[in-house]
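The sequence and the structure are shown first.

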Amino acid sequence: MKLSRLLTVFSMAVYVASSSAQTVNWIQSTEKEVWKQSQTKLTSKVETKPLLVVDESNHIVTFKKWGTCFNELGWDALNILPIEKQNKFLSNVFAPDGELKFSMGRIPMNANDYARDWYSCDEVPGDFKLHYFNIDRDKKTLIPYVKRALKLNPNMTFWVSPWSPPSWLKINNYYAVNSSAKVNKLPAEAAIALYEGKDNKDKKYYPRQVTENDYVIQDPRYLQCYADYFCKFVSMYQEMGIPVNRVMFQNEPWAYSIYPACAWTPEGIIRFNVEYLSPTVKAKLPGVQVYLGTLNTNRLDCVEKVLSDPRMKDAVEGIGFQWWGGGILPQIRAKYPNYKYMQTESECGSGTFDWKAAEHTYNLINHYLGNGCEEYTIWNAILCDKGTSAWGWNQNALVRVDSKTSEATYTPEHYAVKHFSNVIGEGTRILSYREKGEDGLPIMVCKNVDGKFVVVAANFNDTEKQVTLQLGAKYLNVTLQGHSFNTFCIR
């Protein structure tokens, strides 16, 4: 055989071999080194059994949006930074070509637990026609915050939920549900309205004991006024150029808190959503969705009682879960597959800003997306110092601001989120996933709109672990460092 022909055959063999071993971009983060980029390759065969065998013909859900909540204390933290660092943070979070690519915002209606203090849009008792309703406070805090995000991404959408209605709409005439001598002025004996002296606590569930009463007054005038209140709030935001397209009746109806909160019974939830909120929104705000949320209990019987009412399917388009509600998400979605599902608040931690908290957030994202949530909402994007609320609760955030030095630190949780949101965008199909289990290896396999596989995998163990996945006819076979987040983009 002539030399030229030998060289041609050799070149063809090299080409075939290289084309059969697909290149994979590998991004890895550990506590010591974040967002380290390298490359590996898919292989045609392996000797170990794959942890996941991915079937492309089926998928769990088509993902839509990442988002965060706009809070007053977040606005205050942002404004501690010099303008160039403010712009960097906002671009990283909200710009379509930024690091996190958030395109959805949650807006609290009235005070939430990361407001500066308690307020509502109408604290005039008996103002059933809402003559005194206004969003003047929001115009100085939340609305400027939202508009800076919108400037970077004009395609953002927003949804609204209250933590507490105006105090005069509630049976205890107060913003909180539970008393605390240190942080609010609600008398301890006011808790009689919650349980009526009954004691049937069950440690398996949250809450351990459920309320006997609805805290919104169940008089038609009050319920209709509250439904009108939602519409007025959304309308005023829309008039400010902020595209609010969804409402939920209550943040955590099963959280009986010392900060702004409101307790509901299943009967009250059905009554308000079916008879008042949904028909009023449909009549006054065509195109605005009503979701049932935000559900924060693992008491399946309570949620089932609400959803089993046949009127609910016409009243709400989707369901939002957070905190303990995530535990019953798989059962609810299996029984009610026709609803849209979203995660509404990533858990807040306790102001530690450490790698352990980041692993917890990573695991939450893996669980909610793997169980069919098409949208995911981060809670605090930015806080200062210990992340302390006006009610004395320290919480985590994606960015931590030092109020003395005006420096911003991108926390481990920022990278936990980035490993997902930077590569999983609108239209990405979530194909398969596995929970972390006893082996501490949570994994998610997706396919982007360009038809390319994306794998997000973590190792929560102290030691390195080998992971093998079958992606069609090829295999991803890698060794993950201990306590690492990893993203693989197959080219």
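The sections below cover the basis of the description, the helix pairs, the cavity and pocket, and the backbone.

## Basis of the description

The model is predicted, so that local features need pLDDT of at least 70 and side-chain atom pairs count only at pLDDT 80 or more, while totals for chains, interfaces and linings use all residues. Residues are numbered from 1 along each chain as its sequence is written, and side-chain values use heavy atoms, with hydrogens and water left out.

Two packed helices are described by the angle between their axes and the distance between the axes. Helices (H or I, at least four residues) and strands (E, at least two) are DSSP runs, numbered from the N terminus. Axes are lines fitted to C-alpha atoms, for helices over the stretch in contact, with angles from 0 to 180 degrees between N-to-C directions.

Helix α7 (residues 266-284) packs against helix α8 (residues 300-307) at about 30 degrees, and the axes are 9 Å apart. The two are therefore roughly parallel (angles under 35 degrees; over 145 is roughly antiparallel, 65 to 115 roughly perpendicular and the rest oblique). Their crossing is right-handed, meaning that the near helix is turned clockwise from the far one by less than a right angle. Contact (heavy atoms within 4.5 Å) involves P266, E267, I269 and I270 of α7 with C302, K305 and V306 of α8. These comprise five nonpolar, no polar and two charged residues, where Ala, Val, Leu, Ile, Met, Phe, Trp, Tyr, Cys and Pro count as nonpolar, Asp, Glu, Lys and Arg as charged, and the others, Gly among them, as polar.

Between α6 and α7 the axes come within 9 Å and cross at roughly 40 degrees; the pair is therefore oblique. This crossing is also right-handed. Among the contact residues are P220, L223 and F230 of α6 and F272, Y276 and L277 of α7. By class, the contact has 10 nonpolar, two polar and three charged residues.

## Packing of α3 and α4

The axes of α3 and helix α4 (residues 142-152) approach within 9 Å and cross at roughly 65 degrees, in a right-handed sense. The contact includes F89, L90 and F94 of α3 together with Y145, R148 and L152 of α4. Seven nonpolar, three polar and one charged residues take part.

## Cavity and pocket

On a 1 Å grid over the protein atoms alone, a cavity is a set of points where a 1.4 Å probe fits but cannot get out, a pocket is an open set with protein on both sides within 12 Å along at least five of seven lines, and lining residues have an atom within 4 Å of a point. Grid points are joined across faces, edges and corners, and a volume is the space filled by probe spheres set on the points.

One cavity of 30 Å³ or more is present. The largest cavity holds about 80 Å³, and its lining includes C348, W379, N380 and E413. That lining divides into six nonpolar, four polar and two charged residues.

The largest pocket has a volume of about 200 Å³. Of its 13 lining residues, K64, K101, S103, N153 and E426 are the closest to its centre. Its lining has four nonpolar, five polar and four charged residues.

## Backbone geometry

K101 has a positive phi of about 60 degrees although it is not a glycine; K101 lies in the loop between α3 (83-94) and β6 (104-109).

The peptide bond from Y206 to P207 is cis, with omega near -5 degrees, and P207 is in the loop between α5 (192-195) and α6 (220-239). The bond from G293 to T294 is cis as well, with omega near 5 degrees; T294 belongs to strand β9 (residues 289-295).
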